[in-house]
Amino acid sequence: MLLDTVRNTIQTHNLIEKGDKVVCAVSGGADSVCLLHALLNLRSEYQLTIYAANVNHLIRGEESDYDSDFVKRICKAADVELFYREYDVPKLSKELKMGTEECARMVRYEFFEEISRNLEGAKIATAHNLNDNAETVLFRLIRGSSAEGLC
């Protein structure tokens, strides 16, 4: 049932085409792990090449390390290439005089876009729930998206 919902969303919004490369942002949380599993289940149907990306923001100490280790184990078990990066977000946010969450979001999306460029335009998949929608709209608005891009 969940897979049908994901498939319908992909088709309704033309998110993925056959043969695409997709970088799945995986934090280690339930939403992103679920997205990765859904994409892996759709891999053969859409002839996808799936990659994963994980950012350790070094905000929560050992918890952050545990989440990243969990993502590394999932990717290894699923034979998915993982792109991993650490950022000292608490230090960087002070240097840049910005909020911790804003800084974390900035470095995360810059990393995802870098991977996409290096993979010659791979699509980026992020797991958002309803609580994330306001953040997404603001992020896209700040970046200068059109009305269509805000949706």
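Residues count as buried under 20% relative accessible area, as exposed over 50%, and as partly exposed in between (1.4 Å probe, protein chains only). The structure discussed here is a predicted model, in which local features need pLDDT of at least 70, side-chain atom pairs count only at pLDDT 80 or more, and totals for chains, interfaces and linings use all residues. Residues are numbered from 1 along each chain as its sequence is written, and side-chain values use heavy atoms, with hydrogens and water left out.

**Cysteines**

The structure holds zero disulfides, a disulfide being a pair of cysteine sulfur atoms within 2.5 Å. Two of the cysteines are set out below.

| Cysteine | Relative accessible area | Closest cysteine sulfur |
|---|---|---|
| C24 | 0%, buried | C75, 8.3 Å |
| C34 | 32%, partly exposed | C24, 9.8 Å |

The sulfur of C24 is too far from that of C75 for a bond, and the sulfur of C34 is likewise too far from that of C24.

**Nonpolar cores**

A nonpolar core is a set of buried Ala, Val, Leu, Ile, Met, Phe, Trp, Tyr and Cys residues joined through side-chain atoms within 4.5 Å. The largest has 22 residues, of which I16, V22, V26, L36, L39 and I50 touch the most other members. Two or more residues come from each of helix 1 (2–12), strand 1 (21–25), helix 2 (30–46), strand 2 (49–56) and helix 3 (62–78); these elements are DSSP runs numbered from the N terminus (helices: H or I, at least four residues; strands: E, at least two). Helix 2 gives the largest share, eight residues.

Beyond its neighbours within four places in sequence, L39 is in contact with I16, V22, C24, L48, I50 and A125, where contact means heavy atoms within 4.5 Å. Another core, of 16 residues, lies apart from the largest one and includes Y51, A53, A104 and A122.
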